[in-house]
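Thanks for coming, everyone. I have one model to walk through today, so let me put it up.

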Amino acid sequence: MIDLPNLSTEYLIMFGVLVAVLIGLIIYAVVNMVELAYVMVRKKPLYRHGIGFKNKLPEPYIQILTSQFRFYNKLSNREKRFFEHRVARFIYDKKFVGRNGIVVSNEMEILISATAVMLTFGYRNYFLNSLEMIIIYPEAFYSRTNDAYHKGEYNPKIKALVLSWQDFLNGYDIANDNLNLGIHEFTHALHINSLTERHIGATIFGDTFIEITNLLANEEGLRERIIASQYFRDYAFTNQFEFLAVIIESFIETPEEFRAQFPRLYAKTKQMLNFNFAHY
């Protein structure tokens with residue numbers, strides 16, 4: 001004999017679950033529509049950080065950030081907690097591989113991951129799904145991509161970023177020379193990510209890149225003034241990808257000079273990264 005009261009209860013529970021799921025989907029769709037409209041008008045996401053459990057970095061890791069990563073020290077205490085959480089999650093999400101005798105250390109994981117997190121700190125989605133593995137060499141390495149020695153490269157086919165540890169550290173030794181290997185190579189990964197992903201951050205990055213391209217093409221004399229200023233090193237003019245990587249190096253390292261010399265280009269770069277913090 002069928003137990004009708006129990007059957008009715010089960011149906012009510014199932015119905016309640018379905019209603020809850022439906023309401024959740026409707027809310028999610030509405031929030032997405034609102035955010036898309038907000039992004040179109042304001043050129044930035046509705047919010048950057050989610051609510052929930054935050055991973056905690058061990059104290060020795062925090063000491064590395066405090067002593068060796070200047071950007072971290074520019075953040076408020078609240079922003080530092082989000083930054084630490086993201087660094088912990090990034091380390092967990094990526095595979096770090098040492099080559100030519102390199103043993104991957106805590107310092108390597110922290111500083112390399114902090115570079116990626118810094119560049120994506122203006123977005124909600126910071127994992128860079130176009131990147132799965134980070135390969136570390138002690139110094140410049142031979143690359144089969146063009147039969148030459150490289151200090152760093154990003155290979156989208158195997159989703160790998162390759163770095164010379166010596167040159168990565170050199171990038172942070174001088175804070176204002178606009179030459180930072182980690183920022184440069186992660187910008188390439190971020191650029192490719194913007195072409196393959198569909199989240200809000202990728203959309204803002206990709207759309208702003210188009211705006212920058214149009215700005216250079218349409219603002220009379222801007223390209224000539226950029227070249228004449230010698231503010232961006234010559235390598236920037238290799239192609240659009242390298243230009244973007246170089247201007248983001250400059251944006252991070254010498255924002256005041258960048259803003260003073262090329263205010264509209266600076267504003268577009270700030271918009272691209274959604275850098276509304278750390279005095280940018």
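In the lining of the largest pocket, α7 gives the largest share, 5 residues. That pocket holds about 630 Å³ of space. It is lined by 26 residues, and the closest to its centre are Gly152, His184, Glu185, His188 and Tyr235. Two or more lining residues come from each of β4 (148-150), β5, α6 (165-173), α7 and α10.

How is a pocket found here? On a 1 Å grid over the protein atoms alone, a pocket is an open set of points where a 1.4 Å probe fits, with protein on both sides within 12 Å along at least five of seven lines; lining residues have an atom within 4 Å of a point. Points are joined across faces, edges and corners, and the volume is the space filled by probe spheres set on them.

A word on the source. This is a predicted model: local features need pLDDT of at least 70, side-chain atom pairs count only at pLDDT 80 or more, and totals for chains, interfaces and linings use all residues. Residues are numbered from 1 along each chain as its sequence is written, and side-chain values use heavy atoms, with hydrogens and water left out.

Now the chain overall. It has 12 helices and 6 strands. These are DSSP runs numbered from the N terminus: helices are H or I, at least four residues, and strands are E, at least two. Of the 280 residues, 47% are buried. Buried means under 20% relative accessible area, exposed over 50%, partly exposed in between, with a 1.4 Å probe and protein chains only. Take contacts between residues at least 6 apart in sequence: 69% of them join residues at least 24 apart. A contact is heavy atoms within 4.5 Å.

Next, α12, residues 263-273. Which residues are buried in α12? They are Leu265, Tyr266, Thr269, Gln271, Met272 and Leu273. Their cover includes α5 (106-119), α7 (181-196), α8 (200-218), α9 (222-229), α10 (240-253) and α11 (255-261).

Most residues other than glycine have a negative phi. Two further cases go the other way. His279 has phi near 70°. His279 sits in the segment after α12, and is exposed at 70% relative accessibility. Lys159 has phi near 55°. Lys159 lies in the loop between β5 (152-155) and β6 (160-164), and is partly exposed at 31%.

On to the rings. There are 30 aromatic pairs. Rings of Phe, Tyr and Trp (its six-membered ring) pair if their centres lie within 6.5 Å; planes under 30 degrees apart are stacked, over 60 edge-to-face, the rest tilted. One of the pairs is Phe237 with Phe243, tilted, at 6.3 Å centre to centre and 35° between the planes. Phe237 is partly exposed at 34%, whereas Phe243 is buried at 10%.

Why is the pair of Phe275 and Phe277 called tilted? Because the planes are at 45°, with the centres 4.7 Å apart. Phe275 is buried at 0% relative accessibility, and Phe277 is buried at 4%.

The charged end of Lys80 sits over Tyr72, 5.2 Å from the ring centre. The cut-offs: NZ of Lys or CZ of Arg within 6 Å of the ring centre and within 35 degrees of the ring normal.

That's my tour. Questions, please.
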